[in-house]
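Hi there,

Here is the structure I promised to pass on. Please have a look at it, and then read on for my notes.

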Amino acid sequence: MAIRFALGYRTVSFEAASLLVRFPPLEILADMDAKMYKRIRDLRQSGNSVPGIVVVRLRREERRHALKRWRELLQQPKFSCKRVVEAVLQYFEAWLKRKQRISYRLTQMLTEHDCFGQYLNRIGREATTNCHHCGGAIDSAQHTLEECPAWNTERRVLVARIG
Ligand SMILES: [Zn+2]
């Protein structure tokens, strides 16, 4: 589901796709809910009433802990989606608050799983890593973003917009 929401290729890792669509791992969400349940149960068992405002505060606190755990998990070097993690972790909180759905093009650029010579060569779909637009030796997302003359117009628009 995360890959579908991210509009990514099926070869995109689960960690990358779930980060792109801002969906924390289920074990972290389950742990968050278990802690919430235990805290509310403990308050009630000790004779306290638990008004809605307290539940909201506890939920906010446990969510903050869960997101901290997710961030720590993503910082472990075991993931193959380093490009996605490095890009998103710099702006993790802002990324999580983002209202727009991720676009196909952003997923392409972050995952590098698409019509890039380097990727297609790696999965056996192209004989070389060359760029079909300019003949460059390595066609990658970074090549498209920074170097390929075929995208000069789009690059100028992007640079004018975001610097
Ligand atoms: Zn090129």
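A word on naming before anything else: helices (H or I, at least four residues) and strands (E, at least two) are DSSP runs, numbered from the N terminus. On that scheme, Met1 sits in the segment before α1. Met1 is exposed, with a relative accessible area of 77%; here exposed means over 50%, buried under 20% and partly exposed in between (1.4 Å probe, protein chains only). Between the C-alpha atoms of Met1 and Val21, which are 20 residues apart along the chain, the separation is 9.7 Å.

This is a predicted model, in which local features need pLDDT of at least 70 and side-chain atom pairs count only at pLDDT 80 or more, while totals for chains, interfaces and linings use all residues. Residues are numbered from 1 along each chain as its sequence is written, and side-chain values use heavy atoms, with hydrogens and water left out.

On confidence, the chain averages a pLDDT (the predictor's confidence in each residue, from 0 to 100) of 92, and 100% of the residues score at least 70.

The chain is divided into domain 1 (1–100) and domain 2 (115–163), with bounds that come from an automatic or database domain assignment. Taken over C-alpha atoms, the centres of the two domains are 33 Å apart.

Now the aromatic rings. Rings of Phe, Tyr and Trp (its six-membered ring) pair if their centres lie within 6.5 Å; planes under 30 degrees apart count as stacked, over 60 as edge-to-face and the rest as tilted. The structure holds two such pairs. In one of them, the rings of Tyr9 and Tyr119 have centres 6.0 Å apart and planes at 75°, so the pair is edge-to-face. Because Tyr9 lies in the loop between α1 (2–6) and α2 (14–20) and Tyr119 in helix α8 (residues 117–122), the pair ties together parts that are 110 residues apart in sequence. Tyr9 is partly exposed at 29% relative accessibility, whereas Tyr119 is buried at 4%.

The other pair is Trp70 with Phe92: centres 5.5 Å apart and planes at 70°, so this pair is edge-to-face. Trp70 in helix α4 and Phe92 in helix α6 (residues 92–97) are 22 residues apart, and their pairing links distant parts of the chain. Both Trp70 and Phe92 are buried.

Two backbone angles may interest you too. Leu7 has a positive phi of about 60° although it is not a glycine. Leu7 lies in the loop between α1 and α2 and is partly exposed, at 35% relative accessibility. Arg22, also not a glycine, has a positive phi of about 60°. Arg22 is found in the loop between α2 and α3, and its 21% relative accessibility makes it partly exposed. For context, most residues other than glycine have a negative phi.

Which residues line the largest cavity? They are Ile28, Asp31, Met32, Lys35, Glu62, His65, Ala66 and Arg69. The elements giving two or more residues to this lining are α3 (26–45) and α4 (52–74).

That is what I have so far.

Best wishes

Methods. On a 1 Å grid over the protein atoms alone, a cavity is a set of points where a 1.4 Å probe fits but cannot get out, and a pocket is an open set with protein on both sides within 12 Å along at least five of seven lines; lining residues have an atom within 4 Å of a point.
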